[in-house]
Amino acid sequence: MATPLTAGMAGLTREYLQSRGQSSPSAALVKATILNGAENISPGQYGTGVAREIPDAPPPNNVSGWGRANLGNIATPGAGANFLFYDVQNSLTTGQ
């Protein structure tokens with residue numbers, strides 16, 4: 001269920017970015033916005049100490065990636081947090 005959930009989140013994130021002045025947000029901006037809204041899920045459900053499921057190192061890691069995608073963290077990033085949306089439209093093309 002992670003794929004359909006994230007696909008739906010991408011559609012809602014694109015809509016949110018359009019409401020914030022990004023008339024045609026790139027796929028890279030949508031992905032970066034979702035990644036910045038992810039929350040760390042360390043230590044996971046099982047184990048303690050060195051035997052725990054997810055390492056305490058900052059994301060990304062090889063167990064949980066960037067963490068759990070959370071649409072709420074995108075729309076309302078929390079006290080003291082703020083997102084600045086900047087989309088570079090003139091990027092590299094194939095062969096550059």
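Predicted model: local features only at pLDDT ≥ 70, side-chain atom pairs only at ≥ 80, totals over all residues.

Colleague: Is Ser 64 buried or exposed?

Modeller: Buried. The relative accessible area of Ser 64 is 16%, and the cut-off for buried is under 20%.

Colleague: What does Ser 64 touch?

Modeller: Leaving out residues up to four places away in sequence, Ser 64 touches Ile 41 and Ile 54.

Colleague: Where is Gly 44 found?

Modeller: Gly 44 is also in the loop between helix 2 and helix 3. Gly 44 is partly exposed, with a relative accessible area of 33%.

Colleague: And which residues is Gly 44 in contact with?

Modeller: Glu 53 and Ile 54, again setting aside neighbours within four places in sequence. Ile 54 is touched by Ser 64 as well.

Colleague: What separates the C-alpha atoms of Gly 44 and Val 63?

Modeller: 10.0 Å. Along the chain, Gly 44 and Val 63 are 19 residues apart.

Colleague: New topic. Which residues of helix 2 are buried?

Modeller: Helix 2 covers residues 27-36, and its buried residues are Leu 29, Val 30, Thr 33 and Ile 34. Looking down the axis, those buried residues fall within an arc of 135 degrees, so they line one face of the helix.

Colleague: What's on the face turned away from the buried side of helix 2?

Modeller: The exposed residues Ala 27, Ala 28, Lys 31 and Asn 36.

Colleague: What do the buried residues of helix 2 pack against?

Modeller: Two helices: helix 1 (2-19) and helix 3 (71-75).

Colleague: Take Thr 33. What is its relative accessible area?

Modeller: 4%, so Thr 33 counts as buried. Thr 33 touches Thr 13, Leu 17, Ile 74 and Phe 85, not counting residues up to four places away in sequence.

Colleague: Which residues make up the largest nonpolar core?

Modeller: There are eight in all: Met 9, Tyr 16, Leu 17, Leu 29, Val 30, Ile 34, Ile 74 and Phe 85. Helix 1 and helix 2 each supply at least two residues of this core.

Colleague: What does Met 9 touch?

Modeller: Ile 34, Ala 69, Asn 70 and Leu 71, with residues up to four places away in sequence left out. Ile 34 is another member of the largest nonpolar core.

Colleague: How does the lining split by class?

Modeller: Nine nonpolar, two polar and two charged residues.

Colleague: Last one. Leu 5: buried or exposed?

Modeller: Exposed. Leu 5 lies in helix 1, and its relative accessible area is 55%.

Colleague: How many Å apart are Leu 5 and Gly 37 in space?

Modeller: 14 Å, C-alpha to C-alpha. In sequence, Leu 5 and Gly 37 are 32 residues apart.

Technical notes
Residues numbered from 1 in each chain as written. Heavy atoms only, no water. Buried < 20%, exposed > 50% of the residue type's maximum accessible area, 1.4 Å probe, protein only. Helix = DSSP H or I, 4+ residues; strand = E, 2+ residues; numbered from the N terminus. Arc of directions from axis to C-beta. Contact = heavy atoms within 4.5 Å. Nonpolar A, V, L, I, M, F, W, Y, C, P; charged D, E, K, R; others polar. Core = buried A, V, L, I, M, F, W, Y, C linked by side-chain atoms within 4.5 Å.
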